[in-house]
Amino acid sequence: MIGAGMVGLATAVELAHHGHSVRVLDPSPASGATHHAGGMLAPAAEVVYQQDPLFPLMQYSGQWYPKLMEIVAEHTDLPTGYRTEGTLVVAADRADSQHLTELMDYQNAHGMDVAKLSVRQARKLEPALSPAVAGAVEIPGDHQIFPRQTALALLDALRNMGVEIIREQATKLEDGAVLTAQGRYPAKQTVLCNGLGARDIAGVLPETGTNPANPKEAFQLRPVYGEVLQLQCPEHLQPLCDRVIRGFVEDRPIYIIPRSDGRITIGATSREDHRSGPPASSVYDLLRDAIRLVPGIEECEFLEATTGARPGTPNDLPYLGRVSANLVISTGYFRHGILLSALAARVSRELIEGATPDQLSVDISACAPLRDAR
């Protein structure tokens with residue numbers, strides 16, 4: 001395994017659990033997009049118009065997540081950070097409520113479990129909601145993990161399963177081995193799942209044939225930045241909420257995620273301006289919109305603001321599949337890396353075990369890893 005973000009760690013657990021001998025290479029496990037992720041498992045709430053090929057992938061992965069968490073829990077005593085209270089999506093004003101209704105109709109048309117609530121019903125479920133919200137829907141099947149906590153559990157589970165975690169930077173694939181500056185690691189099969197770093201590994205693609213030899217030409221990955229805020233809820237207000245609260249505020253998306261230790265995670269920004277740190281404007285926007293939906297956030301202690309870079313592809317579908325007899329690509333998960341990690345793990349394991357495309361648990365034809373090769 002090259003890469004120890006959520007996708008790489010989940011895939012390593014899946015493989016080790018099924019009896020494979022696994023080695024993971026990453027100079028700093030779980031320090032990239034995973035560290036900054038919100039952790040929402042939201043196959044319904046994350047729906048985006050005109051991305052129909054993505055929906056079944058999200059739904060299957062959501063269904064497989066409980067099993068993945070069960071496997072992790074079998075091999076570690078650390079908390080997995082997995083919570084199943086569900087999600088509320090709320091609207092700040094009348095126009096946002098119309099947007100919410102149209103989105104709910106779209107979700108229901110695609111077979112998703114989404115139920116409209118009155119504001120009174122929503123506030124009965126989550127009393128911290130502002131009485132001024134204009135609409136709400138409940139999505140009981142959209143759950144969450146706390147990625148930082150989950151990553152620690154995954155790493156501990158892997159150690160307990162005998163998986164070697166090597167804190168080195170892979171630089172090249174050569175003659176059935178992964179090379180780093182420090183050594184050479186033979187592998188019968190390699191899974192490349194290091195996010196944006198997939199562009200920087202030499203030897204990934206053959207020098208002959210129609211495929212380009214340069215991964216940068218084949219994998220059209222781009223960094224999509226997003227801010228995430230961490231707040232601490234005072235003890236007298238805990239829990240401020242139990243469910244993930246997502247919302248629209250003057251058509252701007254926002255999410256508010258409660259954690260079991262009293263922290264609150266806030267996010268939803270998405271930008272491609274290549275500023276690697278959190279702009280003051282993004283922090284202000286997130287706090288303003290979150291407080292409008294849940295006023296009690298004003299009482300919380302501000303802990304940190306960080307920025308993560310998610311690996312996006314031209315059509316926002318991941319690159320997932322086999323590119324040679326001993327190499328599987330698994331990257332480009334954009335905003336859905338946490339949710340799709342269960343799918344990535346299962347499909348990668350099936351490919352490693354020799355499954356043909358028609359034998360996989362889900363159709364990944366839309367995720368062909370060389371579809372953007374030029």
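Lys172 is partly exposed, because its relative accessible area is 32%, a value between the 20% and 50% limits. In this predicted model, Lys172 forms a salt bridge with Glu174.

**Salt bridges**

- The count of salt bridges comes to 22.
- In the pair formed by Glu174 and Lys172, the closest N and O atoms are 3.2 Å apart. Glu174 is partly exposed, with a relative accessible area of 27%.
- Asp261 pairs with Arg263 in a salt bridge whose closest N and O atoms are 2.8 Å apart. Asp261 has a relative accessible area of 35% and counts as partly exposed; Arg263, at 23%, is partly exposed.
- Between Asp372 and Arg371, the closest N and O atoms of the salt bridge are 4.0 Å apart. Arg371 is partly exposed, with 26% relative accessible area.
- A network of salt bridges links Glu250, Arg252, Asp285, Arg288, Asp289 and Arg292.
- As a general point, side chains of opposite charge can pair when their charged atoms come close.

**Nonpolar cores**

- The largest nonpolar core holds 54 residues, and the members that touch the most other members are Met1, Leu9, Val22, Leu57, Tyr65 and Val347.
- At least two residues of this core come from each of the helices α1 (6–17), α3 (54–74), α6 (147–160) and α9 (341–352). Helix α3 gives the most, with 9 residues.
- Apart from neighbours within four places in sequence, Leu9 is in contact with Ala4, Ala30, Ala151, Leu154, Leu155 and Leu158.
- A second, separate core has 26 residues, including Leu88, Leu117, Cys241 and Ala290.
- In soluble globular proteins, nonpolar side chains tend to be buried together.

- Thr87 lies in strand β3, which covers residues 87–91. Thr87 counts as buried because its relative accessible area is 2%, under the limit of 20%.
- The side chain of Thr87 reaches the backbone oxygen of Asp142 at 3.0 Å.
- When neighbours within four places in sequence are left aside, the residues in contact with Thr87 are Val137, Glu138, Ile139, Asp142, Arg243, Val244 and Arg246.

**Backbone features in loops**

- Gln238 and Pro239 are joined by a cis peptide bond, with omega about -10 degrees. Pro239 is found in the loop between strands β12 (222–232) and β13 (244–249).
- Asp251 is a residue other than glycine with a positive phi, near 75 degrees. Its place is in the loop between β13 and β14 (252–258), and Asp251 is partly exposed at 48% relative accessibility.
- Ala268 is not a glycine, yet it has a positive phi of about 135 degrees. Ala268 is found in the loop between strand β15 (263–267) and helix α8 (280–293). With a relative accessible area of 22%, Ala268 counts as partly exposed.

How values were computed: Residues are numbered from 1 along each chain as its sequence is written. This is a predicted model: local features need pLDDT of at least 70, side-chain atom pairs count only at pLDDT 80 or more; totals for chains, interfaces and linings use all residues. Side-chain values use heavy atoms; hydrogens and water are left out. Helices (H or I, at least four residues) and strands (E, at least two) are DSSP runs, numbered from the N terminus. Buried means under 20% relative accessible area, exposed over 50%, partly exposed in between (1.4 Å probe, protein chains only). A salt bridge is a side-chain nitrogen of Lys or Arg within 4 Å of a carboxyl oxygen of Asp or Glu. A nonpolar core is a set of buried Ala, Val, Leu, Ile, Met, Phe, Trp, Tyr and Cys residues joined through side-chain atoms within 4.5 Å. Contact means heavy atoms within 4.5 Å. A polar contact is a pair of N or O atoms within 3.5 Å; within protein, one must be able to donate a hydrogen and the other to accept it, and residues adjacent in sequence count only if both atoms are side-chain atoms.
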